[in-house]
Amino acid sequence: MLLVFLIIPLWGLIFTMGYLGIRVQQTHEALSLSTYTFLLEREAGTDNPASSAQGTVSGSVFPGETSPLQVHVNDTEANAVADQMPEGELQTLQKLMGSVSGRSNIAVSVTREDPIGDFDTNPIRRAMVIGGATGTYCQMQDESLNPFAAGDVGGAAMALIGIAGMGSDYILAPFGGLSGGEAKCD
Amino acid sequence: MIRRLHKDESAQVSFLALAASLVLVGLMAMIINTSDVVRHRIHNQEVADVTALAAATWSARGLNTIAMLNVLNAKLLSMTVIVNAANRTMPVTRKILALSTAAATACTPFCTPWLFLLEGQAILLEPLAAGLQAMEQSVTRNCSGVAWKVMKGLQKASDAVGQTFGRIGYLEAPAIAARNGASSAFAVDGSMLEGSLTEVGKLPVSTTDRTPADFCAAMKSGGPGFVMQGYTDGEGPAEHGRGIWSDLDPISVLNPAFATLGSPWIFDGFYSSEMTRLGCDGSTPDKEGQKVEFSTLPQCREHDVTATWALYEDETDWLVDGSLDEYDFIAWVPRDVDLEGGGDAIETAAAAAGVDVDDVPPVTHTPTGVGARELMRQQRKRTMPASCAGRGRTGYPIVEHTVAGDLFFLSLRDHPEFTHFEVGETGFHEGASTDRSEATGTYFLRVNKTEREVALEGGSTRTEYKYRLDSWVLVDAGEKTLEGDELKEYYEEQAEREGVTDDGPVSSGEGCGTFPVPHLLVEEPEDKLRFFAVVNHGLGESGQPPKPFWSNYFSVSPTTFTSFSQAQVYNDLSTDMFTQDWRVRLERVTLLERALERAGELGLGSIASTASSVITTVNNH
């Protein structure tokens with residue numbers, strides 16, 4: 001009786017908690033690695049850095065498991081920093097740069113499969129807000145990652161500089177401005 | 001009753017089970033709470049990492065933006081060089097085309113096909129020349145063209161980025177930490193930890209001591225940043241454009257005769273001239289260093305090279321005037337040494353000297369030419385190297401000097417028979433008295449006069465004089481391939497001579513404004529490129545998760561965490577500030593280690609020893 005009603009359930013609970021604890025630890029590890037990998041992939045100009053980070057981290061943190069990790073990135077906080085800038089001579093620059101400040105919310109979602117199967121299998125989710133992009137040349141080649149391509153006035157101004165840069169390449173074609181080759185961002 | 005109860009053993013297990021269950025449940029709750037605390041601690045470290053990265057990201061972004069603007073300016077400068085060189089080529093090509101057309105016309109009908117070809121070229125050339133001229137006038141004309149205004153605008157934008165992006169990073173870092181649930185946080189760069197507060201928030205770039213010549217390497221040889229954009233390795237935008245123009249060679253493509261006349265080198269000559277005007281060596285890139293031709297004897301002596309002097313000889317016919325001296329044999333002299341009395345209007349004197357009056361500079365000078373116009377037979381007699389290397393080697397040639405029939409050898413500088421002249425900035429010849437007295441073009445003049453008696457009709461005689469001139473001219477002050485610090489010092493000296501201000505831009509030397517200069521990395525910027533973040537997380541505080549229930553029973557509260565992290569801004573490709581590849585990464589907390597070392601040196605060993613375990617934990621993380 002004692003075995004059936006106390007020991008077995010207690011040990012089952014302990015095992016489950018242990019499994020969940022390990023899974024939570026793995027989720028944190030996945031979040032940390034995904035964040036860092038995402039940054040590296042974004043700087044390198046990878047087309048879909050979130051997907052790339054997901055593949056890299058899944059293989060190292062969850063070997064042998066099929067699709068346990070999902071990495072989602074949301075870039076909706078572009079103007080957060082501009083509001084914090086002091087008034088004064090930096091105001092114009094503040095508006096200009098607010099759009100390029102950029103923040104990304106990286107959320108990882110890790111599946112869990114409890115060993116007993118008696119509770120739901122909602123994934124474990126953890127999220128982290130990170131700063132914007134560094135704006136490497138290759139990163140800016142990808143429009144979706146281009147910090148100068150924001151939609152508001154400031155972003156438009158910076159985009160203008162970017163376009164002037166790219167446009168000048170064509171205008172300057174016979175005058176040294178156009179490289180003549182493809183950008184080497186592999 | 002009591003005895004009966006003692007003997008009654010029923011329900012004993014239930015009591016034990018209840019007690020054990022309570023203990024177990026308590027332990028389980030404690031474990032869960034502890035697990036929560038550990039999870040929060042891990043999260044806090046993650047937040048510290050992204051906080052340090054956020055601060056570093058703004059610096060990386062600033063450096064990338066400045067690199068982008070530097071590259072744009074290098075391209076625009078290249079454009080001005082190519083357009084101006086092409087524009088200057090056009091009049092020459094026009095003349096050559098006209099000559100070719102005249103020749104073809106003369107031999108018509110045999111040369112009719114060639115004539116058609118030339119007429120076709122003329123049709124192509126005119127709109128090209130007109131387009132280039134319009135472009136030069138409105139876009140690339142030095143200092144006033146649109147391109148120059150854009151370049152100055154981009155340089156100002158770089159200034160603004162350099163002043164502000166670091167500061168935005170200081171604000172962004174705690175904001176990011178707060179969004180991730182931290183109670184408080186801050187991030188600073190390494191120089192602040194070192195106690196340097198003068199440049200807080202500024203990116204480690206500067207235009208101080210920079211000159212337009214700092215664009216040269218990028219314009220000519222490119223670099224990793226240009227390779228990334230698709231340029232050929234070792235080829236910058238200016239060289240790329242020069243190659244295109246050489247390939248295009250629009251005249252010689254259709255006209256083999258013109259190709260023989262050398263259209264490519266006409267363009268190349270103007271290209272070199274334009275590059276030299278920017279302070280760049282006009283030659284093709286030399287990856288091992290840069291060949292520099294020195295222009296003064298002090299430079300010759302500083303770099304231990306060998307100057308070259310040339311001896312020219314010249315003479316007049318027999319003249320009746322026997323009063324001429326050295327000053328009468330130089331074409332243009334300052335008015336205060338005018339030997340013709342100083343009364344001539346400049347126009348009259350210019351006309352007498354056969355010079356177009358429009359070419360005569362301001363009237364503080366007047367032409368002479370009394371003797372100069374009589375010189376008939378100039379010839380270069382010989383050249384002589386004069387070493388500047390070694391003690392006592394001044395760069396002046398050793399020349400003969402005869403006294404009472406005895407032959408001596410003297411340094412030209414000390415030779416009593418030679419008078420030292422120089423060619424001033426305005427092209428006038430003066431007695432050597434300025435800092436150009438040892439610059440190329442300076443010369444030493446000696447006049448030897450011989451006389452004869454000539455019998456005239458009627459039995460009288462007159463004396464005639466023949467003047468023979470020896471002039472030693474400093475042709476060049478040596479050349480040397482410079483690299484590294486030596487090259488840098490050379491350009492700094494050049495810039496100083498050209499009038500660089502502390503604000504960065506250098507005078508164009510043409511009185512028409514300023515050239516742009518690039519923002520380059522300051523020396524030893526490492527600490528400015530490292531960011532140290534401290535993040536606090538207090539359970540139970542407002543907006544934070546609750547403390548674990550057992551925390552009040554322990555003297556050391558484990559519910560407030562402090563995490564450290566350090567991020568670095570780096571560029572593995574090149575730190576030349578023309579390579580837009582600045583990135584961020586986490587690294588060991590070396591800044592904290594150094595700070596604690598200093599704390600130990602200041603007698604704060606207990607703090608250092610306590611914190612060293614924290615550092616170990618952080619670095620292992």
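Two strands are said to pair if DSSP finds at least two bridges between them, and strands themselves, like helices, are DSSP runs numbered from the N terminus, with at least two residues (E) for a strand and at least four (H or I) for a helix. With that in hand, let me begin with chain A, where three strands form an open, antiparallel sheet in the order β1-β2-β3. The edge strands of this sheet are β1 (69–74) and β3 (124–131) of chain A, each of which pairs on one side only. From one strand to the next the twist averages 20°, where axes are lines fitted to C-alpha atoms (for helices over the stretch in contact) and angles run from 0 to 180 degrees between N-to-C directions. Strand β2 (residues 103–110) of chain A is joined to β3(A) by eight bridges in the antiparallel sense, and within that pairing A:V108 stands opposite A:R126. In general, strands of a sheet pair through backbone hydrogen bonds, either parallel or antiparallel.

Residues are numbered from 1 along each chain as its sequence is written, and chains are lettered from A and ligands numbered from 1 in the order in which they are written.

How confident is the predictor about chain A? The pLDDT, which is the predictor's confidence in each residue from 0 to 100, averages 71 over chain A, and 59% of the residues score at least 70. Where pLDDT is low, the predicted coordinates should not be read in detail.

Now to the place where the two chains meet, which takes 41 residues from chain A and 47 residues from chain B. On the side of chain A, at least two residues each come from α1 (2–43), α3 (91–101), β3, α4 (137–141) and α5 (153–171), and α1(A) gives the largest share, ten residues. By class, that side has 20 nonpolar, 18 polar and three charged residues, where Ala, Val, Leu, Ile, Met, Phe, Trp, Tyr, Cys and Pro count as nonpolar, Asp, Glu, Lys and Arg as charged, and the others, Gly among them, as polar.

Chain B has 16 helices and 18 strands, and of its 621 residues 37% count as buried. A residue is buried if 20 or more other C-beta atoms lie within 10 Å of its own, exposed if 12 or fewer, and partly exposed in between.

Which residues have the most contacts inside the largest nonpolar core? A nonpolar core is a set of buried Ala, Val, Leu, Ile, Met, Phe, Trp, Tyr and Cys residues joined through C-beta atoms within 7 Å; the largest has 97 residues, and B:A52, B:L53, B:A55, B:A56, B:F532 and B:A533 have the most contacts inside it. Its largest share, 27 residues, comes from α2(B).

One of those residues, B:F532, has B:Q566 in β17(B) as its bridge partner. Strand β16 (residues 530–538) of chain B runs antiparallel to β17(B), with nine bridges between them, and on β17(B) there are also five bridges to strand β18 (residues 583–587), again antiparallel. Of the eleven residues of β17 (residues 560–570), eight are buried.

Helix α2 (residues 12–106) of chain B also holds B:V81, which is buried because 28 other C-beta atoms lie within 10 Å. The C-alpha atoms of B:V81 and B:A238 are separated by 7.3 Å, although the two residues are 157 apart along the chain.

Let me finish with two loop residues. B:A404, in the loop between β8 (398–403) and β9 (406–411) of chain B, has a positive phi near 50°, and B:M577, in the loop between β17 and β18, has a positive phi near 65°. Are they buried or exposed? B:A404 counts as exposed because it has 4 C-beta neighbours inside 10 Å, whereas B:M577, with 25, counts as buried.

Technical notes: This is a predicted model: local features need pLDDT of at least 70, side-chain atom pairs count only at pLDDT 80 or more; totals for chains, interfaces and linings use all residues. Two residues are in contact if their C-beta atoms, placed from the backbone, lie within 7 Å.
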